[in-house]
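Student: I'd like to learn how to read a few features off a model. Can we go through them together?

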Amino acid sequence: MKHPLKTALLLGALLGVGVHGQVLAATAKKPAEQAAKKPVAKTAKNAQPVAGKKTLAAKSVTGKQAAANAPGKSARNDKAVPMRSKQLAVLADAPRKPVRRVSMQDIDPGRLALYSASALVIDQTTGQALIEKQPDVVVPIASISKLMTAMVVLDAKLDLNEVITISEEDVDGLKGTRSRIPVSTTMTRETAMLLALMSSENRAAHALGRHYPGGMPAFVKAMNRKAQALGMYNSSFEEPTGLSSNNVSTAHDLARMVTAAARYPEIRQFSTTAEAKVEMNGRIRDFGNTNALVRSDNWEIGISKTGYISEAGRCLVMQARVADKPVVIVLLDSNGKMTRVGDANRIKRWMESASLGSERRPV
């Protein structure tokens, strides 16, 4: 009995060892299979982004593409591409804001902060008044008078190369203003007109009137006769410089005068000259334009004249091209040295911000 029992125990032990070995083998096989499967799974997962990076590299040959393909950055870049595409898609699908076409009539010129007491802007193409602020008030016009002085001289067809002399009679005894032209200086009539229009030299303007046939009385009569001929019925001139507060006009009248002055090539050239060097008694003197806007690249000015006396305030008249339209701008009695320039720039910005096309409605 003992031998069969030992045999049975030995057989059972052998069978147990075999089953345990299979279990151990199976247990050891699973981690190996899992370890083998994991790299394969990662490779399969990363295979698609690698192909995507080749496509991006083919489209863009830049240093950024090389950095995108660098090890350790593939996951970040793979996510960035679909996100960027999604953002672009959202932007493409976003509703566009409606574009509003603005007419000049939609922008109230009364909202413009114009500091000139009188203001007028006329579209020369249509004759339409774009801006009006007390345009019919009669006020002193100071050196704006010099435009009329130049027209009277040119109408008389006097020799512009004739030499005239600045004398004591041309010195300002009314306001006591200074001049850079010494007494006894000689110059051509053309040079005197240039200095009167560009630098608003009072002695030069007075000399032009004094050397007119018949003298100063005849010249002043010619000024007022010219004003009446232009339809400037609310205007009056007492002398050629504008130093007298009795040289008066309105913004409407001055718009007519500027339009007329623009027909004279000499006035257009001299009034818009930025600076000039003039020889006087053997010395070269520099003169500049009293209107800083003629030196600006943002302005296209055909006629320009400034003016100032205490009774008139700061004045400015111009014929210019603004928003592709020829316009006459009149600014009278402006407070502050640069306010008239500021008003002109505000008017320009206002015109350029509005449509000057068919949307304009008649006033």
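Predicted model: local features only at pLDDT ≥ 70, side-chain atom pairs only at ≥ 80, totals over all residues.

Student: Is Thr306 buried or exposed?

Tutor: Buried means under 20% relative accessible area, exposed over 50%, and partly exposed in between, using a 1.4 Å probe and protein chains only. Thr306 has a relative accessible area of 5%, so Thr306 is buried. Its place is in strand E9 (residues 300-309); strands (E, at least two residues) and helices (H or I, at least four) are DSSP runs numbered from the N terminus.

Student: Which side chain joins Thr306 in a polar contact?

Tutor: A polar contact is a pair of N or O atoms within 3.5 Å; within protein, one must be able to donate a hydrogen and the other to accept it, and residues adjacent in sequence count only if both atoms are side-chain atoms. The side chain of Thr306 makes one with that of Thr290, at 2.6 Å. Ser271, in helix H9 (residues 265-271), has a side chain that reaches the backbone oxygen of Ile267 at 2.8 Å. Ser271 counts as buried because its relative accessibility is 0%.

Student: How do I read strand pairing?

Tutor: Two strands pair if DSSP finds at least two bridges between them. E1 (residues 116-123) has 7 of its 8 residues buried. E1 pairs in the antiparallel sense with E11 (residues 325-334) over 7 bridges, and with E2 (residues 129-133), also antiparallel, over 4 bridges. In the hairpin of E1 and E2, with 5 residues between the strands, Gly127 takes a positive phi near 80°.

Student: And how many aromatic pairs does the structure hold?

Tutor: Rings of Phe, Tyr and Trp (its six-membered ring) pair if their centres lie within 6.5 Å; planes under 30 degrees apart count as stacked, over 60 as edge-to-face and the rest as tilted. The structure holds 1 such pair. Tyr212 and Phe219 form it edge-to-face, at 5.2 Å centre to centre with 75° between the planes. Both Tyr212 and Phe219 are buried.

Technical notes. Residues numbered from 1 in each chain as written. Heavy atoms only, no water.
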